[in-house]
Amino acid sequence: MRAFGHLGAWWRCATLLSLRLMFFLPAGLPVRSQGDSQSDNKVMDNVTVRQGETVFLSCAQGDFVTHTAWLNRSSILYAGEDKWSVDPRVSLVTLNQEEFSIKIENVDMTDEGQYICAVQTSSKPRTTSVHIIVQVPPKIMSLSKDIVVNEGSNVTLMCSASGKPEPSVTWKLLSPSGHGLSSDDEYLEIPAITRQRAGMYECTAVNEVSTDVQTVELTVNYAPSVVEGKDVGVTLGQRGVLQCEADAVPQADFEWYRDDRRIFNGFDGIEIEDDGALSKLTFFNVSEADYGNYTCVAINKLGAANTSIVLYEIIEPTSSTLLQVQDGNSATTGTHTPACLLLMVALQLLMRF
């Protein structure tokens, strides 16, 4: 079997050599020649094809053709109707007196290069060469991972891509306001980052073929800041709610205090409910002892902030108070009644005259 393999290789080399001698082809790539008495070499325009597409290669035959072949660099693809290439993507399309054409399906970068159609006539050999250029869509090969940093840090995002032609790479912060940060480079430098620069960053690689897009999430940690608390007035025995709102990344934890004493959920019938950036301290039945000053503290790993809220009493009007108000209104009405009567009498007297 080994000896047969050697014989097969020798036969293939011998056939290739005979084809080269038959068509007077040099060992290297053919060049354009003018006035060559032995051969006629023609160079066609480059053929540009995108990766994954199908390319057709064709050359004219003419009369009195004795042998014909398609070659790729140093290998034979087809010799007449006989397929030499073991690549299943290569196939014969047309072979007649006028045309000899083949096709290559699902073109890849390895298919780029020079192809030669060699035709032997009764008088002299003729060759037609064409160069295939394969374009490859951009592909982002390396991209920064999602990143978490503290406010004030220096940040560098990286995005590299391959493709042919070489793709251009741009960065953009996807900002709802439309005023996001951008860069026309593989690297995006953000010195002393602020919380406003947090968000989703988009890397785009573009060439003549298509576009590739990927994103990186940038999270910026910062210490809590709290909204100034609003004092709350509640009638004795009624329900009262104190609210505390904080902005922080990571999300803040809340603590409530009365003077220097911390208040826990369920203590003395008080309920504490935390929901994201908001904390509520609820009194279901306000007593005299509940009135006073309360402190809300928002805490995360970067710091803390606090605000004070006063729970004060609203006095409801009593029945005696209402009676005093009514009496006062009656007295006022009484003082105005005689004046109205005098005005009516004066009007009647005027009408008589």
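In which strand is E189 found? E189 is found in strand 15, residues 187-190. Strands here are DSSP runs of E with at least two residues, numbered from the N terminus.

Before going on, a word on the source. This is a predicted model, in which local features need pLDDT of at least 70 and side-chain atom pairs count only at pLDDT 80 or more, while totals for chains, interfaces and linings use all residues. Residues are numbered from 1 along each chain as its sequence is written, and side-chain values use heavy atoms, with hydrogens and water left out.

Now the sheets. Two strands pair if DSSP finds at least two bridges between them.

N300 stands opposite G303 in strand 25.

Next, strand 8. Strand 8 (residues 99-104) runs antiparallel to strand 3 (residues 55-60), with six bridges between them. The bridge partner of A60 in strand 8 is E99. Strand 7 (residues 90-95) is also antiparallel to strand 8, through five bridges, and a hairpin of three residues connects strand 7 to strand 8. L95 has F100 as its bridge partner in strand 8.

N106 is found in the loop between strand 8 and strand 9, and its phi is near 50°, a positive value in a residue other than glycine. Most residues other than glycine have a negative phi, and most peptide bonds are trans.

E112, in that loop, forms a salt bridge with K164, the closest N and O atoms being 2.5 Å apart. A salt bridge means a side-chain nitrogen of Lys or Arg within 4 Å of a carboxyl oxygen of Asp or Glu. The structure holds six salt bridges.

What kind of peptide bond joins K164 and P165? The bond is cis, with omega about -5°. V249 and P250 are also joined by a cis peptide bond, with omega about 0°.

Technical notes. Helix = DSSP H or I, 4+ residues; strand = E, 2+ residues; numbered from the N terminus.
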